[in-house]
Amino acid sequence: MKEIPSPLPGTFYHKPAPDQPPFKANGDAVAPDDTIGLVEVMKTFIEVKAEVAGSFAGYVAQDSSPVQAGDTLAKVE
Amino acid sequence: MTLKIVKPGLATSIQDLGRPGYFHLGIPMGGAMDRLALRAANLLVGNDEGAACLEAAFLGPEIEFTAPATIAVTGATMPVKVDGAEHPGWTAIAVKAGQVLSFGYLKAGARIYIAVSGGIATPPALGSRSTYPIGALGGVDGRAVQAGDELPVGRSAGAPEGRSVPPELRRAVSRPAELRVLPGLYIHRITDEARARFFGEEWQVAPEADRMGVRFRGGSPLDFVPRTPPFGAGSDPSNIVDGCYSYGSIQVPSGTEPIVLHRDAVSGGGYFTIGAVISADMDQIGQLQPHTPVHFIPVSMETALAARAERRAALNRIREALG
């Protein structure tokens, strides 16, 4: 199991936009360059890249929740 | 020599102590949000205190050095790495030509200051190298740094490595943070109960906080004293006939979310202001992470002036420690 950490503090989002599905669902293939979520800070949305490959094993941080740098956002098997 | 920006981080910008003297024309002073951290970084590398540094918020950049230099990183707590090896913050570090500076995840605070011996030597605008993107002034063509930029660095006699700001002279942000406020001219616009709630409740830093202003959420909406809007004021109860804003002034549009204006502040507008965060606590705002709990504490002018003198004394202790 690999953990994807947040690179910076802010608000974490699972979805590219409120009316769209999450970036990843359980079991989806994950490549290192894939975006798994967004962190919003200073009016900017930063794409969080997986940086690892595998199979998506679920979000750890809730959608629209505050996160600190280094918090685990999601897991990859 | 130059600094090659390999990765820019997030809105990493060149800042010094700003360009005072143009606020009446709408051009803010700008400069480092945490001025003490910038001064300390420069002192560590043997620069003038006001030399231009890089200010990076939340996420560190990656920088390659084309010549040997002394560097120092102050402000937020973020692991400092040279070619992957970790070095302490608030300490002078020697780097060799070709080495790469990078950073780990932010641990505390919000903004780091990266000083290099000689100082960043981009062209000044109106007496300062500080980046003011809205006015396209200073920095690199008036903008934040980007990957591929090569920043010129001034000459330096160099500075010894290993000197460090003593830990007790580094200011940490308390949690909840306490921001002292001098109540201002327009506080009569809200009811006594609203005033008591504003200073009594806990607020949180909103994620959209930036160099212009820091927004807060989580407290109760303010109740206004009923009035007939004066000629020239908007119809919202939070509107006034346009007035001047000061650095640190706290406006609360529609009475819902307070905004503290910071170094890249707008100079005036039509919202009432409760008061202003005292100058001694402005640096601390630059180190607030999103979602940090904050209390606003009302203080008198005497307390504000004493706090300013205390900050000046703290800076003098750093100067003496590194002198």
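Two strands pair if DSSP finds at least two bridges between them. Strands (E, at least two residues) and helices (H or I, at least four residues) are DSSP runs, numbered from the N terminus. Keep those in mind for the tour.

**Before you click**

This is a predicted model, where local features need pLDDT of at least 70, side-chain atom pairs count only at pLDDT 80 or more, and totals for chains, interfaces and linings use all residues. Residues are numbered from 1 along each chain as its sequence is written, while chains are lettered from A and ligands numbered from 1 in the order in which they are written. The predictor gives the complex an ipTM of 0.84 and a pTM of 0.94.

**Stop 1: chain A**

Select chain A and colour it by secondary structure. You'll find 0 helices and 8 strands. The radius of gyration, taken over C-alpha atoms, is compared here with a globule rule of 2.2 Å times the number of residues to the power 0.38. For chain A the radius is 11 Å, close to the 11 Å that the rule gives for 77 residues, so chain A is as compact as a globular protein of that length. Its C-alpha trace spans about 30 × 30 × 20 Å along the principal axes.

Now select residues 1-77 of chain A, which UniProt, in an unreviewed entry, lists as "domain: Lipoyl-binding". UniProt positions are given in the numbering used here, feature names are shortened, and annotations may be inferred rather than shown by experiment. The span is 48% strand, and its end C-alpha atoms lie 5 Å apart.

**Stop 2: chain B as a whole**

Switch to chain B. It has an average pLDDT (the predictor's confidence in each residue, from 0 to 100) of 96, and 100% of its residues score at least 70. Expect 4 helices and 20 strands here. Chain B has a radius of gyration of 20 Å, close to the 20 Å from the globule rule for 323 residues, so this chain too is as compact as a globular protein of its length. Along its principal axes, the C-alpha trace of chain B covers about 65 × 40 × 30 Å.

Highlight residues 24-314 of chain B: the UniProt annotation "domain: Carboxyltransferase" (unreviewed entry) covers them. That stretch is 13% helix and 29% strand, with its end C-alpha atoms 31 Å apart.

**Stop 3: an open sheet**

In chain B, which order do the 5 strands of the open sheet follow? The order is E2-E3-E10-E5-E8, and the pairing is antiparallel. Strand E2 (13-15) and strand E8 (93-95) are at the edges with a single partner strand each, so one side of each has no neighbour in the sheet. Zoom in on strand E5 (residues 69-77) of chain B, which pairs with E8(B) in the antiparallel sense over 3 bridges. There, B:Thr70 stands opposite B:Ala94 of E8(B).

**Stop 4: a buried helix**

Select helix H1 (residues 35-44) of chain B. Is it buried or exposed? A residue counts as buried if 20 or more other C-beta atoms lie within 10 Å of its own, as exposed if 12 or fewer do, and as partly exposed in between, with C-beta atoms placed from the backbone. By that count, 10 of the 10 residues in H1(B) are buried. Just after H1(B), B:Gly46 takes a positive phi of about 80°.

**Stop 5: a buried strand**

Go to strand E19 (residues 273-277) of chain B. All of it is covered: 5 of its 5 residues are buried, so the strand is largely enclosed by the rest of the structure. Strand E12 (residues 177-183) of chain B runs antiparallel to E19(B), joined by 3 bridges. B:Pro183 has B:Gly275 as its bridge partner in E19(B). Strand E16 (residues 249-251) of chain B is also antiparallel to E19(B), again with 3 bridges, and B:Ser249 is the bridge partner of B:Ala276.

**Stop 6**

Most residues other than glycine have a negative phi, and most peptide bonds are trans. Click B:Phe58, where phi is near 70°; this residue is buried, with 27 other C-beta atoms within 10 Å. Next comes B:Trp90, with a positive phi of about 55°, in the loop between strand E7 (85-87) and E8 of chain B. Finish at the peptide bond from B:Arg175 to B:Pro176, which is cis, with omega near 0°. B:Pro176 sits in the loop between strand E11 (150-152) and E12 of chain B.
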